[in-house]
Amino acid sequence: MTRSPALVRPRTDDDLPACVRALAEVHAADRYPVDWPADPAGWLTPDDLARAWVAVDDDGRTVLGHVGLTRPDPHVTRLVGVSVSAVVSRLFVVPRARGRSVAAGLLAAARAAYPSDGPPLTLEVSSEGRAAIAFYERHGWRRVTSSRGDWLNAAGEFALLHHYVSP
């Protein structure tokens with residue numbers, strides 16, 4: 001039996017403990033984020049966070065995935081070469097919920113937050129995230145440039161980041 005896609009709704013402060021548990025599952029399986037943050041709830045709520053959503057299971061409380069949108073800074077605009085509405089950030093789905101269109105639902109919620117005829121969204125993904133890269137490209141995101149991050153990847157090198165804009 002195929003399970004239905006998860007319910008995607010705006011994240012509340014009450015969701016943060018469940019988001020941290022979900023992030024821990026993802027970190028254990030995929031090493032995302034590469035380095036576990038000292039304050040995972042704070043990592044999920046950066047200062048420039050504009051909005052965030054969660055995907056929840058049938059019980060309405062078990063977080064299966066998360067996405068945030070942050071306000072773009074001028075560096076991002078220069079890097080991608082176009083004005084952007086927001087930056088997709090902290091997108092993840094727990095391993096047991098993959099294949100249920102959870103990531104697609106989260107990304108759709110983020111994209112729906114801004115007019116479709118306005119500036120695109122942007123995101124960055126490490127070159128190590130092959131599944132994530134394939135996902136974004138299947139959904140029409142276009143790679144516009146690559147750069148080196150200021151953090152080390154699993155190999156201990158400065159991460160190679162690919163920058164995408166939304167379709």
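Reader: Is Arg31 buried, partly exposed or exposed, and what is its relative accessible area?

Author: Buried means under 20% relative accessible area and exposed over 50%, with partly exposed in between (1.4 Å probe, protein chains only). Arg31 has a relative accessible area of 37%, so Arg31 is partly exposed. This is a predicted model, where local features need pLDDT of at least 70 and side-chain atom pairs count only at pLDDT 80 or more, while totals for chains, interfaces and linings use all residues. Residues are numbered from 1 along each chain as its sequence is written, and side-chain values use heavy atoms, with hydrogens and water left out.

Reader: Which side chain meets Arg31 in a salt bridge?

Author: A salt bridge is a side-chain nitrogen of Lys or Arg within 4 Å of a carboxyl oxygen of Asp or Glu. Arg31 meets Asp35 in this way, at 3.8 Å from N to O. Asp35 is exposed, at 52% relative accessible area.

Reader: How many salt bridges does this rule give?

Author: The count comes to 6. Among them is the one between Arg9 and Asp15, whose closest N and O atoms are 2.7 Å apart. Asp15 counts as buried, with 6% relative accessibility. Another of the salt bridges joins Glu137 and Arg143, at 3.5 Å from N to O. Glu137 is partly exposed at 40%, and Arg143 is partly exposed at 38%.

Reader: How many aromatic pairs does a search of the whole structure find?

Author: Rings of Phe, Tyr and Trp (its six-membered ring) pair if their centres lie within 6.5 Å; planes under 30 degrees apart count as stacked, over 60 as edge-to-face and the rest as tilted. The search finds 4 aromatic pairs. One of them is Tyr32 with Trp43, an edge-to-face pair with 5.7 Å centre to centre and 70° between the planes.

Reader: Where do Tyr32 and Trp43 lie?

Author: Helices (H or I, at least four residues) and strands (E, at least two) are DSSP runs, numbered from the N terminus. Tyr32 is in the loop between α1 (16-30) and α2 (40-43), and Trp43 is in helix α2, so their pair ties together parts that are 11 residues apart in sequence. Tyr32 is partly exposed, at 30% relative accessible area.

Reader: What is the arrangement of the rings of Phe135 and Tyr136?

Author: Their centres are 5.5 Å apart and their planes are at 65°, so this pair is edge-to-face. Phe135 is buried at 13%, and Tyr136 is buried at 8%. Ring pairs link Phe135 and Tyr136 with Trp141 and Tyr164 into a cluster.
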